[in-house]
Amino acid sequence: MFDTYFSHLMKTDTIKTAKALLGMDLFLNGRKLGRIVETEAYLGTIDSACHSFNGRRTPKNEAMYLAYGHWYVYHIHQYDMLNLVTKKENIAEAVLIRAIEVSEGIIANGPGKLTRYAHITRDFNGKLLDKYSLTVKYGATPKRIQARARIGITCQDEWRDKFLCFYVAGSPHVSKMKKKDIQVDNDVWM
């Protein structure tokens, strides 16, 4: 389903994958849910904010250890969180899909709001993206991508402040976006 370039990114570079997902359209059962406008990269055993930090492996995070292109969906604070696994099997890194651009009146500007709107549950955990009903396809190219620290990180070391949250600059659909940073004309795509 994906070209060689995107497949190569998924298995080799989690940060570049997080950026490349911006502008891709998220589909469920052939229906477009929205366009991805915000992601976060989680860098495995070295990243203290990652579920696989220091090689932690549990039944809850086992899908993270699958090969790139699998979904990792976990439950926290009454919400399911949608992540795309990157890297080769047994190297647990992933990209959290934080927000999507949807039609007027629908809010999906946070990972819990996104999964609730899309009816994405743990049933998708461990499923392969190109052979299952939940997939992404090329949509548009952002004019500008910005980075900031990840949201809701509780670790107390340098990983808390690393700029590993990537978003489409100016998009009103990005979570925790300040009104002054939203582009008036909403023209954020090339």
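A charge is taken to sit over a ring if NZ of Lys or CZ of Arg is within 6 Å of the ring centre and within 35 degrees of the ring normal. In this predicted model, the charged end of Arg35 is placed over the ring of Trp189, at 5.3 Å from the centre of that ring. A further arrangement of this kind involves Arg57, whose charged end sits over the ring of Tyr65, 4.2 Å from its centre.

In one of them, formed by Phe6 and Tyr138, the ring centres are 6.4 Å apart and the planes meet at 75°, so the pair is classed as edge-to-face. This pair connects distant parts of the chain, since Phe6 belongs to helix α1 (residues 4-12) whereas Tyr138 lies in the loop between β6 (134-137) and β7 (145-148), 132 residues apart. As for accessibility, Phe6 counts as buried, with a relative accessibility of 1%, while Tyr138, at 48%, counts as partly exposed.

The largest nonpolar core comprises 54 residues, and those with the most contacts inside it are Leu21, Leu26, Trp71, Leu82, Ile100, Ile120 and Leu134. Strand β5 (residues 93-101) makes the greatest contribution to this core, supplying six residues. When neighbours within four places in sequence are set aside, Leu21 is in contact with Phe6, Ile36, Thr39, Leu84, Val95, Ile97 and Val136. Phe6 is thus both a contact of Leu21 and a member of the edge-to-face pair with Tyr138.

Definitions and conventions:
Residues numbered from 1 in each chain as written. Predicted model: local features only at pLDDT ≥ 70, side-chain atom pairs only at ≥ 80, totals over all residues. Heavy atoms only, no water. Phe/Tyr/Trp six-rings, centres within 6.5 Å; stacked < 30°, edge-to-face > 60°. Helix = DSSP H or I, 4+ residues; strand = E, 2+ residues; numbered from the N terminus. Buried < 20%, exposed > 50% of the residue type's maximum accessible area, 1.4 Å probe, protein only. Core = buried A, V, L, I, M, F, W, Y, C linked by side-chain atoms within 4.5 Å. Contact = heavy atoms within 4.5 Å.
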